[in-house]
Amino acid sequence: MKKLIGLSMAAVLAASLTACGGSNTAETTAATTDAAVAQEENEDGTGESAEEAPSGETFKIGMIGPLTGDAATYGLGVRNAVELAIKEVNEAGGMNGYQVEYKPEDDEHDPEKAINAYNALKDWNMQILIGAVTSKPCIAVSAESAADNLFQITPSGSAVECIAEPNVFRVCFSDPDQGKASAQYIAENKLATKIGVIYDSSTEYSTGILESFRPEAEAQGLEIVAEEAFTANNATDFSVQIDNCKEAGAELLFMPFYYTEASTVLKQCADKEFAPIFFGVDGMDGILSVKNFDTSLAEGVMLLTPFSADEAGSQAFVEAYKAAYSDTPNQFAADAYDAVYAVKAAIEQGNITPDMSVSDICEAMKVAMTEITIDGLTGSQMTWTEAGEPNKEPKAAKIENGAYVMQ
Amino acid sequence: MNSVKRKKLIDNLFTYGLVVFCWIAVQALSATGHMTNQINGLLVPICMYVILAVSLNLTVGISGELSLGHAGFMCVGAFSGSFFTKLMAEAIPSLQARFIIALVIGALTAAFFGVIIGIPVLRLRGDYLAIVTLAFGEIIKNVMNVIYVGVDNGMLRIAMEKKANLNLSENGRVIIEGAMGITKTPKASTFTIGIVLVLITLFIVQNLINSRTGRAIMAIRDNRIAAESVGLNITKYKLLAFSVSASLAGMAGVLYSHNLASLAAEKFDYNMSILILVYVVLGGIGNIRGSIISAIVLTLLPELLRGMNNYRMLIYAIVLIIMMIANSAPSAIAARERLLEKFQRKNTKEAA
């Protein structure tokens, strides 16, 4: 008994240590330290300006996302991009002539922690929220922000319920839209008729996309020959799923999940000499930057994504991001960058000033968001509906010679 | 004998007093406008973790069995409670009434699972309960991840794997949505309700400990053979303690699910169970007041360290280690006792 307790305690300590180590993996060490330095400077700067200037002179924008833990890649991407965009905005004269202050808070991809982060930001007198980055925390936060009538825009909360409240908007596609668009793209370009699907049944992202992919695929005359699930707990061995898809004669493998698992699937498909057309969604973006992954395996992989780091239009952003954080931005970062510029455009459209109350800002923003059109990294001529959904065209990219090529 | 009883009564009253004092202090602070939003948002989670820690202490400290699946019971309670609240949204318009019924339902469902697990496992000797509860937590989490429950025309429909399997008619609605869990449970948890639940939990646990049943449970913990030889029904008493502990965890789950708009099974994983066990171990196994204090401190700590950014988890881990050493290392205990002795001697001197 005592031994068992001792063992579990040891496990906890190990887990908590790896949790802090999570943000310091080789991939992001440089980025985090740089960001930490930048942030400290930023905080120092804002601290001084807050002392000098009375409140009402600057906009206070908060950000919530997973900065530690398993989903830290997404949260750090968003944090860095928001920081970068706000720096640019401030250098160019601010939003509607006012400087912008910015504060990120960690939610560890946990709805409970997200609420804590939200309350901490409220104590900081946040006026506009960019976040939360992941869907479930976003839903939890949106209920609170709706009660406070605080304007919220999520860069990447893709579940339908994320923007159910009238004060919440988003930049990315919703999950059902992606599933539908994927099925349409496959059918229109006659890529294949027999489709095998591998999906992550433990995430709402993956199941959400599949839920809408399935009926649309049937409507388009595509046949789903195999549907194989995995969960986050057993995402290391896909041989059963791959074998089943292979036996069912799938010509195209639809993979609505994130690139880390996708790299394993691609590797194991190659080992089994199974070579269908691989088709992913926006979570696939980033596969070329996976450590220890033979990128030649990703040759010919197609993905539906609003953003590519190799696109001509995004070069300025990618360069600036690389210079500041020595890391390649992913689509989360791109969505977050667009979110800042959408907020800027809406503030200027509605002639919003920082001395307005949080609720007044929200009301004005809700109207202004539907009136703006911006050319962003994730789409040109983006507009928003009253429900908070963006209108932009999904783009398909194909990996050729180790680079994303837009189709 | 009487003085022992009186001492216990005073000890118990002190614990209740501590909780009530916390409530009064918070009310006073918020009335004078000294509460930050951050602390305000943490009040309900703190109540929840206190209930979880106290209830787990009943299993680990009083009954002497190790449970690694406390989060599983919490999960069962949270889902059943939230499900009821959403299902009965039209039938019972009063949110408060629905919430109170949901609390009862959550507690009963969790107790039911506690009994199911307890009946076979608590007959065994050794650490089997730890293994089985660990498995239970994982099973519940994975089942809740793939289950879909919807309702149409007064009919409940349950399906696995995908929403389409529900075959809902057009006016139907999905309540439990697989990995998405239950979204938009109305927010009914308040600090006052949380404190009342904490008091109820304390009342149940402390009375159980100081009753004939509680003494039987502790006798079994201390010497199973001796207890058996005087005719105690081992399985019955262990099962009682375990299912009470499970039902209180279920109640805490309902409190959790009515505090957040998003409820998903992935939250109730192994780490959550261990987190609660950490509260119990650091507060002192078998020490109810210790559980309360450690749950409060360890919930507040990572949030108050937010200003430290990336270092806060590191500091949290270090604090855990220091607390563990201070609580259980023999030399630390000796040092503490020496200090206490000195203090007492000083006091008596002053009195003299």
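Within chain A, 13 residues of domain 1 are in contact with twelve residues of domain 2, contact meaning heavy atoms within 4.5 Å. The model is predicted: local features need pLDDT of at least 70, side-chain atom pairs count only at pLDDT 80 or more, and totals for chains, interfaces and linings use all residues. Residues are numbered from 1 along each chain as its sequence is written, chains are lettered from A in the order in which they are written, and side-chain values use heavy atoms, with hydrogens and water left out.

Domain 1 of chain A comprises 7-173 + 316-391 and domain 2 comprises 176-305, with bounds from an automatic or database domain assignment. About 1100 Å² is buried between the two domains, 55% of it on carbon and sulfur atoms; buried area is the accessible area (1.4 Å probe) that two parts lose on being put together, summed over both. One salt bridge was found across this domain interface, a salt bridge being a side-chain nitrogen of Lys or Arg within 4 Å of a carboxyl oxygen of Asp or Glu. Lys136(A) and Glu204(A) form a salt bridge in which the closest N and O atoms are 3.3 Å apart. The side of domain 1 of chain A that touches domain 2 of chain A receives at least two residues from each of α3 (72-91), α5 and α11 (331-349) of chain A; helices (H or I, at least four residues) and strands (E, at least two) are DSSP runs, numbered from the N terminus.

The contact between chains A and B takes 51 residues from chain A and 55 residues from chain B. The area buried between these chains is about 4300 Å², to which carbon and sulfur atoms contribute 57%. Six salt bridges are counted between chain A and chain B. Glu144(A) and Lys187(B) are joined through their side chains by a salt bridge (3.0 Å, N to O). On the side of chain A that touches chain B, the elements giving two or more residues include α1 (2-22), α2 (26-52) and α7 (204-219) of chain A.

In chain B, Thr185(B) lies in the loop between β4 (182-183) and α6 (191-209). Thr185(B) counts as buried, with 4% relative accessibility, the limit for buried being under 20% relative accessible area (1.4 Å probe, protein chains only). Beyond its neighbours within four places in sequence, Thr185(B) is in contact with Ser82(B), Lys86(B), Ser257(B), His258(B), Leu260(B) and Ala261(B).

Definitions and conventions. Buried < 20%, exposed > 50% of the residue type's maximum accessible area, 1.4 Å probe, protein only.
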